[in-house]
Each structure stands twice: as C-alpha cells, then as structure tokens.
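Visitor: I have the sequence and the structure open and would like to go through them with you. Could we begin with one of the strand pairings?

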Amino acid sequence: MAEIANAIRFILNDEEIALTDVAADTTLLDFLRLEKRLRGSKEGCAEGDCGACTVLVGRLHGDEMIYDSVTACIRFVGSLHGTHVVTVEHLRAKDGTLHPVQQAMVDQHGSQCGFCTPGFVMSLYGLWMRDPHPSQPAIEKALQGNLCRCTGYAPIIRAAKAISSYGAPEADPLRAERIALKGKIKAIHDGRRVEIADQIIVPASLDDFASVYEANPGATIVAGSTDVGLWVTKFMRRIGPVIFIGHLQELKRIAENDSELRFYAGVSYSEALPSIAANFPQLGELWDRIAGEQIRNMGTIGGNIANGSPIGDTPPPLIALGAKLHLRWGEHRREIKLEDYFLAYGKQDRQPGEFVESVTIPYLPAGEHFATYKVSKRREEDISALCGAFRVFVNDAGVVGMVRIAFGGMAATPKRARAVEAALVGKPWTLETVEAAIGAFAEDYQPISDMRASAEYRLLTAQNLLLRFFHETTGRGQRLRREVA
Amino acid sequence: MNKHPTISRSTLHESTRHDSGPKHVSGSAEYIDDMIEPAGTMHAYLALSTKPHAEIVAIDYAAVKASPGVIGVLTAEDIPGENDVSPSHKHDEPIFAAGKVHFWGQPLFAVIAETRDQARRAAHLAQVEYRDLPFALDVRAAQAAGGQLVTEPLKLERGDVAAGFEKSPRRVKGSVTIGGQDHFYLEGQIAMAIPGEDEDVTVFSSTQHPSEVQLMVAHVLNIQQHAVTVNVRRMGGGFGGKETQGNLFAAVAAIAAKKWNRACKIRPDRDDDMTATGKRHDFVVDYDVGYDDTGKIQAVDAVYGARAGFSSDLSGPVTDRALFHCDNAYWYPAVRARSEPLYTNTVSNTAFRGFGGPQGMMACERWIEDIAYDLGRDPLEIRKANFYGTDSENVTPYHQVVEDNVIHRVVDELEQSSDYQARRKAILDYNAGSPILKKGIALTPVKFGISFTATWYNQAGALVHVYKDGSIHLSHGGTEMGQGLYIKVAQVLADAFCVGLDAIKIMATSTGKVPNTSATAASSGSDLNGMAAWDAARQIKARLVTHAAKLYQCDEAVVEFVPGGIQAGDQFVAFAELIASAYLNRVQLSAAGFYQTPKIHWDRATGRGHPFYYFAYGASVSEVTIDTLTGEYVVDRVDILHDVGRSLNPAIDIGQVEGGFIQGMGWLTTEELVWDDKGQLRTKAPSTYKIPVASDVPRIFNVRLAEWSVNKEPTIGRSKAVGEPPLMLAMSVVEALSMAVASVADYKIAPRLDTPVTPERVLMGCERLKREARG
C-alpha cells in the first residue's frame, strides 16, 4: 500500500493551497466563491453547460504544464491535487493593466451584461495560449461551452481574432510565473496516496486505485466529474467516499499497435482527439460535437462508457467498430465486447469493485465504409436526439459482406440494429436494398418521445441516416457546409 | 480665446465602450451574489409544488425544520401584509400558494438556513399532501376547457371587415403556433435584503423595475414605501425576465430579513429559476384573411390565444402588444383582432423582449406566406404590395397614423445591398439540381411601436449632483442589464456639460435617488432617462449661466458651454473652476430632471389612440440550407439594415442588433419549451433548453445601421429605441427555412412551419409537403 498524505494540495493563482478538511462533494466553484471569496467566476447553471464558471486547470504533462479550460461548477476540489488553478482574477496585472485577452474583449465590445464574460475570457485565454491566431472554426470550437445571451457572439469572435494584436503568448506575464511554479507542482506529486476523512481517496497509481477500489467497492469513482458532478449539483446526492482518478497518468495512456488503438479509461475526449483523427477520421466531426470544450477537457472515454448512458456519443461508433472493453477488479482482468457491457437502462456488466481500465478499438479494415451521424436540436454542445454509427463491407460483387449499425438515443441502451443488419447482409448494396431494409428499424428500436425529439422523428431520421450513409458510400451524398466564407 | 486644450469633443453619437467593460472582463463587476454578505446573512430557498393543479391538503414541515442549519420556515402566515406580488394588482399572484397550487413549480414555502446549501437541501424534505384537480396546460387545452381568461381581452377593429371579406376574391384561413421562450439571463433571479432600524429594509434586487420591487416589499411587509430602498447596480441579463419576476424573491428576502432581523439572500438554482419564473407567451393564432389576385390584403380577422399561465402578471399588456403588431409593416383596409390571455396551469408568463409584438408579427408573416404560395409569388412581392403608405394607407388597426414610415427605403436598400434578387434566382436553380440539400432565402421587415402602451409609464426622472471639484454624480431611474443604458445616459450628460466621461460617476439605480420610476423595458431606457438626465443638466446649466454672466459681467446670451468649461464672452473658465466659484456664490449644483413622452394617448376601451411616439424600422435577409434527410440546417448568410435614428452610440446599438437578432433566432429555431403530460417543464436547464452558441451565428453576418435615419420626433439626440426591435429581424430565418421546405413540393404548397422551427419541424414539414404533393 502506498504511503498516505492527508491534504489536497494545489496552487490557486499564486497561492499555495493545502486542504486537510474538505468534503468529497465540494466543487471548485463553491470553494472559489464561498471560501476564497473569489467571485469573478460565476454560477450560471451548475451543470457544466454555460461556461460562466470557466477557469483554467494546469497540470504536468511530461515536463510541460498543460492548461485546460474546465467548468469549476462540476469540478471537485478533491480532483485538483497537484494542479495549478487559474481564475479570472489572476489575469489583470497588479497595476490594473488588462491582459491582452481582456483588452481585446473590452475594445471589441465583447461584454454587455458581463455575467458570462469571465468565462469567455478564460476560454479565450486557453485558446490563445495554444493558438494565438485561431481560425473561425477554432474559435467557435473553443467557445462551444460558453453561453452568452446578450451579444450574439459576433463581438466575442472579433475579440478572439484580435487578441494577438495586443501581445503574444510568449510575452504573457503569467508565463514566467508558470515556469517557476512547475517545481512546486512536481513536489506535490510525491508518490503518496491522499486520503481525507474516509471520504476522499486520491490513489497514488493505477495499481493503488485497483486495490483501494477492491477494498472500497461502494466508493464513487470520479474521473472527469462531468456526470457525477451533476449528481451533486442538481440532485444533491451524497457521493462519498470518492476515489478520484483523473490525475492517474497510467490511465491516460494511448497505445497503438498493428491491429488496434487502446485508450485507457482516463483519457479525456480532448486528449483522444489526435489519435481519433489520425486513425478514425470519420469520427473527427462527432468528437468536436461532444459537449463543449471544457467538458471535453474533463470528460473521459472510460466514463462515457462506464456510466452506461443510453445517449453517450462514443458507444455507437465504438460498437460499430467492434471495440472491446477491458475491465479490472483488483488484479483480475477480463475482456468483453463493448456492446455486451450495456445490459439494460442503468444496468451494466460491471461488478462491485470492478472498473473500466481500457477500451481497444480495432482499426477499420481497408475497403470498409464507416460513418457516424449525430443529430441534435442544436448542432453543437447538445445531447444527441439520436446518434447512429454505420459500417459496411461491400465485396467485389457489390454485395454486403458485413454490416454493423449501432445507435444511441433509440433505446434504453446503446444498441445494434440487428434486424436492419440482417436485412442488408448478403444483399447487393443498392438503394433498393436499403429502402427495403429501413423498415426493419422499427423492429430494432421503439424510441421514446421526450424533450429532445419525438419517437416518430427519431425513427424516421434513423432510417434516413442509413440512406445518407448509402448515398455517401456511393458518391452521391450531400452534407451541409458550415465553413465561414 | 483661451479654450481648454485637453478636453476632447463630445462623446454623444460616438462608439464609446461599455462603462463596465474593464470590470466585466476582470471579474470585478459586482453582481448581487458577489457582494460580501453582512455577518450572519441567512439564505432562503423556495420549495416548489410538484402538481400542476391541486388542493394542498397538508404540509408536514418536521423533516425540513430538523434539517441541519435550518433557522426556520417561511409560510403565508409569516407575511405581515398581503400574500401577493401581482404586478397587475389583481391580487392573483401569491408569494406562497394559498390552499391551491396552480402550476408545477409554484412556490409553497421558503426555508431559511445558515447556508444556501442547507436551505436548498431542506426545501426538498417537506411532505406535501395534494388533492388533484383537472388541469389545462396549453392554449388549445385552455380553450377546450372553456377559455377562462386571466385579464380583460382587447379588441382592435378598423374598417368594415365583413365588407372586406365580401370583396376579396381570395381567402385563407389557418392557425399558427408560435412557441414561447425562456429568458435564460445568465445571472438568475436573486435578491438580498438587509434590515434596518424601525421598519426600514434595504433590498438589493436583480430587477428591471426597482420601484415596483419597492412597492411590493412595502405591500407584503405592510409598511409604507418610504421604508424600503431598492438598489440595482447591474443585472446579469434581463430581457424582460426581471421586469416583474424579481418581485417574489425580493419579497421573500425582505420578509425573512425583518422577521429574524438578519440579512437574507435568496437565489434559486437554474432548474428552479426556469421552472418557477415566467417566460415569453406562446400563442396560437387563428386567422382568416381576404386578399385580391395581386396579393393585396383586404381584410384580416384573427384571434390571438396566449398561454398566460395561472395569473395575470403582464399578460394583458403583452397580448395587447401582440395585437398592436398584428400588422407588422402592412396596411390592412379592414381588420379585427382579438386577444385571449388564457388561464393555464403553467407558470405565469411575462415580459420578454418584444413583449408580445414578435408573436403578433410572426403570425402576420404566416398569412403573407400563405398568400404568396397561393399566388405562386415571391413572398417579398406580397410584402411590398402591402406596406404602409406614407401619405395614404397609413392608419394602423388602433387608428394611429404612421407618420414616419421609412420601410420602403430600408427594404429597397437592403434588397440591393444583399443582392437579394440574384441570390434568390441562384437558389431556385440550386434547389432544382440538389436532391438532398435545399436552400431558402427570405426578406422580412420590422416596424415596431415605441412607448409603453400604459401611457403613464412614459415618464422618467434623473438626479444629477455636481460636486465642488467639478465631478458629477449621475442617477436616473433606468437599470443596467447589459444594454448600455448607463453609458448612453452618461454620454448625454457629458455632452450637455461639455465634460469628459471621466468626470461622471454613474451611480447604481436606487429608489432613494429617483422615485416612482418605470420599468426599464419597452426599449424606452435611453429615450426616457436620457431626456430626464438632459433636463437635470439643463437646470444646473441655466444656474451656472446666470452665475457666470454675473461673475464676468456679460449677457447670459453670450455664455456658452464649450469643451472643458464655459465661454463667457471673451473669458474661458474651466468647468471645475466655474463650479468652485458657483459653490462659493451659493448656486444650487444639484437638480432632479424629469421627462414625459409627448403626443401619446391610448383609450383601451375603444381601441383608439396614438399609443406610440414613433416607430423603429428594420429589415433582414436570411439564407439557409436544410438537409431533407434529417431536418438539420445552417443559416448561411444574414444581412441586416436597421433603423436606430441618429445613434447615441453605434457600437452599443450594433451590439443590440446583433444580440437581438441571435436571441430572436434562438426563439424561432432551437429554443423549445417542452412540458410533459403531468405539467412539469422538461426543458429547464441549458442541457435541455438550447439557446444559440457561437457557431450558430450566421456564416456570413452583415449588420448595418441606417445611417441616414434621423428620428422625426425630438427624442434625445434624434435617436431611436433599439432594445427590442432587432429581435424580430430573425423572422427572416423562419421564412427562409419555409422556402427551403416548400421546395420539396415545388413551392406549390404553403409550408406553414410553426415555431420554433427545430430540425424535427423542418423534417416533418418536408414529409408533410411531400405527402400533400403526392395527393
């Protein structure tokens, strides 16, 4: 067993914080606003959707500090061990000089009521640090998780484009300080597990996590807290004891071999994107439409699968690709097909004390067609009304040799369309075949009507998505263009 | 001549930045929840009903009271005055449900605790026993249940409607459903009350209407208004959602503060805010329109059913304004329009940017579209054929003559600058060769009446102090919710005194500074308060002129305010120097300014009058592409030309136009309010209620102000109101989507899309038209 420390330690702006008495469900936003009286970060929704609470969280990645925008409202303080938290209060210089990001926002009239503004400033700051001359799509992507009700965004986008005319990231006054505090962050990572009052457990390593979870199977596992955060802020559930795993480097591994890509469970959507884009370019667009930037920086692929939601966006394509799930309980490991993990609504094939350690995705064999379509009321930062993944192999004779179709939003779990698959396989890949097969969707799915879509719309759209897939595989597809001229 | 060299020219009509900009971006702009609480501040939290209509049989508070940190429970019995915060003074809006609940989410009681978290947790612990009653959730259900109204309906009538129908060779009847909208102000409702000596209480409220909060707090505490001071520094967005909806929260905080003699703050979470506070009214409009073969409308007869919710709130004036805008920019030879503000078992709907006007105009654009598809014409031709004239055909359904019509010029210029005709032709060609994607383009006009239709609201006050060093305090009755009112009025004052903006300190709005103010609403903020501030400056300036003439022994006529000071004949005196000498000579350096809008009158009983001082105009062209497989769409391009008269601040006004358009587009496209069959609102957080994000901004977005426009009326700086009118520019998005949908049936069938036009509505519209085209 690892040695045990008794404080959550991190750096808040330029202040070293050590907390020996903090609850498992204390959010960063409440800590900032109620305890530190730093009230620049706002609560707009307390569900990670509006971005008014956006702060940056810096963490060590190799020898570099990486700063991610996150929503403080659903980030737990217990998950901050060994990080550097930067809030809006830290940007303006002591002499009152505004930071380039701030000055650009002021000069472009980027604030009206101002309540969302600190969050926008922090998202733009995160963007500018890594991309000082962002394109319009890059700006829109970085701002997906920030809602503004006053400006209509146009002046904020203008500000985003103008920031670098006020200064370069290399000259950012906060940069020097960051180099200095890297040593302090490193020192916090001393190889010890942190435990606080039997309520917060921050394991020292993946093995330490496996053993501590085996010993505490009733504990709540929190990686990105993009789901569990809402259990607390919206439903006031008591979640302790909590095992925080978002910091575990071993769970952030991405491994590629000749046949498959492996994501360990703690890889965030943002971290996974380069590998996804390289190996499954068909998923790049979907990836950019999962939540907003802050949530993609926090949320993990493992969590998206493990919580068993019927509307998670990653299971349909991963099921279509034949992904396998690797579960671990103590030192015992087992492997199952991803589609077999989802047993029923709210019920998964995961035993007490067992956790998702990784997921492996076989590469798409040459010659196969694959696409995933997400349909939602609002295109970005919305939960799927339905999300369908399609994969087909058409042999030289023009006959469907293999087909896998999986949907989210159509049933109580992510689920394959086996009746449709059966109606397609062995048949010529023609419009006639497809039109004959789409009726089988009604056998596979009996979707519900809810606030996102009606059952009728879901079923019709699922059918039409197969048509879209067919058209695209045969060169007659048409897709909406969203590029800014 | 020795004019002061350092003072720049006037800032009026300049693109001055928002006064709070640097504070906004630094996180140092203070909202109520950011104020450091007085020691011992209590926190209140509301418990909400979970039935849409029921008798309350019993409430067991035992678990609530035993919950950690709970100080007490506040119920109707704890209210010293009346259990009512009805802004219509119809006594139909209890703070805490009295005997019955009328909607899911109605406040039952409040928990007062040491922390907000403790209060919030305890609020869910009461055992409430209900006896269910029948309920009606929407317009059609309410009409079917007998059509009970929450307030008196309005009828507007002009011309001989029956004769108009008789001479109409063509006629269309139909219904259009126009969805509601949640304000989604980023800062939710909040209030903090601090008890004082005697009956005094100071309330910090996120409200557009501090004087009404003052009145309501006095009313529920059963004290006089003079004991209540309401302060508002800024709101994190209002949009009408804080015109009346802050009353209840302020009242609860104040009652608790006085009861326990401790400060009390109340802030609902987002779900509760969206569940328990009113929204934009959704409407179902049943219409009957007669027209001729050229598309000219002869007669309109329409009934405007609105989901008012359980109480009157502002549903009377909101449905009135829907009727006032049943014409948009079009002349009706004969018209009859009737409102039905219907009682429903839903939250009481309220003001929202446009105040019913947008719904009235949206319905009107529906029958324009019907006529166009019937005649096989571009809807723009039908619009133009029906525009108000300038010298004739210029009387509105409420018998006001339109005296300032500029819609022809606005539309003609926009049609040219947006290259509308060529693009429309290109789109028709594109659609003919595109099987899955279809495009649409539409140009829609906006004409919006400016003034409160409650005529007495059209007044404002300001209080201006000049201190001995020449620095100035500016107070007025308007509130700042992001719209830039504070900076605009400060510009007016700086211009009046010929000083720099840095000489002026903009004070938080307070009922102690300016009494009996109107809501900052109806786009009226700068019209009213700008004039009131100007009037205060006029008074002080007159005294200073008299003083200077005496001091420098010249005629008052040759004393002139110039940048940085005054010119008294040959003598220049710096402003601060002048003020110092004025003080020593016992000149009053403070003034209360006042303004009342001239010319307006309105007789609701007869439906006649001149309710609007003037009209604001605008037009937009939208181009969209839809995917006929899924109903998804992109707004490809939007061009806007909008009339703000002579802008007080073009940057602020452009911000209102851009922001208003996007908010209107959200209302009409993705913002869908869904109640389940039990009466619970299911879209009550940003995860389920979808306002536009940055990538929803049109891919090309050209926004211009009509720079040639000057208000015909002598408004402040000859400007026009800008808060609400741009919201309605978004109607062109709906009409463009309609054209794209209509293309699947070769434009032969009117698409009749209800709003919001979600992807689902687009797809189902395409399916319906294909079915109908097949016969």
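Guide: Gladly, and please keep in mind that this is a predicted model. In chain B, strand β18, which covers residues 472–476, pairs with β19(B) in the parallel sense over three bridges.

Visitor: Which residue is the bridge partner of His473(B) in β19(B)?

Guide: That is Lys505(B), which lies in β19(B) and is bridged to His473(B) of chain B.

Visitor: And which helix packs on the sheet there?

Guide: Helix α14 of chain B, residues 485–497, packs on the sheet and touches β17 (459–466), β18 and β19 of that chain. The direction of α14 makes about 130 degrees with that of β18(B).

Visitor: What is the strand order in the open sheet of chain B?

Guide: Four strands form the open sheet in the order β19-β18-β17-β24 in chain B, and the pairing is mixed. The edge strands are β19 (504–506) and β24 (590–596) of chain B, each of which pairs on one side only. From one strand to the next, the twist averages 20 degrees.

Visitor: Switching to chain A, how many helices and strands are there?

Guide: Chain A has 18 helices and 21 strands. Its radius of gyration is 23 Å, close to the 23 Å that the globule rule gives for 485 residues, so chain A is as compact as a globular protein of that length.

Visitor: What share of the chain A residues count as buried?

Guide: Of the 485 residues in chain A, 56% count as buried. As for contacts in chain A with a separation of 6 or more, 67% are accounted for by residues 24 or more positions apart.

Methods
Residues are numbered from 1 along each chain as its sequence is written. Chains are lettered from A and ligands numbered from 1 in the order in which they are written. This is a predicted model: local features need pLDDT of at least 70, side-chain atom pairs count only at pLDDT 80 or more; totals for chains, interfaces and linings use all residues. Helices (H or I, at least four residues) and strands (E, at least two) are DSSP runs, numbered from the N terminus. The radius of gyration is taken over C-alpha atoms; the globule rule is 2.2 Å times the number of residues to the power 0.38. A residue is buried if 20 or more other C-beta atoms lie within 10 Å of its own, exposed if 12 or fewer, and partly exposed in between; C-beta atoms are placed from the backbone. Two residues are in contact if their C-beta atoms, placed from the backbone, lie within 7 Å. Two strands pair if DSSP finds at least two bridges between them. Axes are lines fitted to C-alpha atoms, for helices over the stretch in contact, and angles run from 0 to 180 degrees between N-to-C directions.
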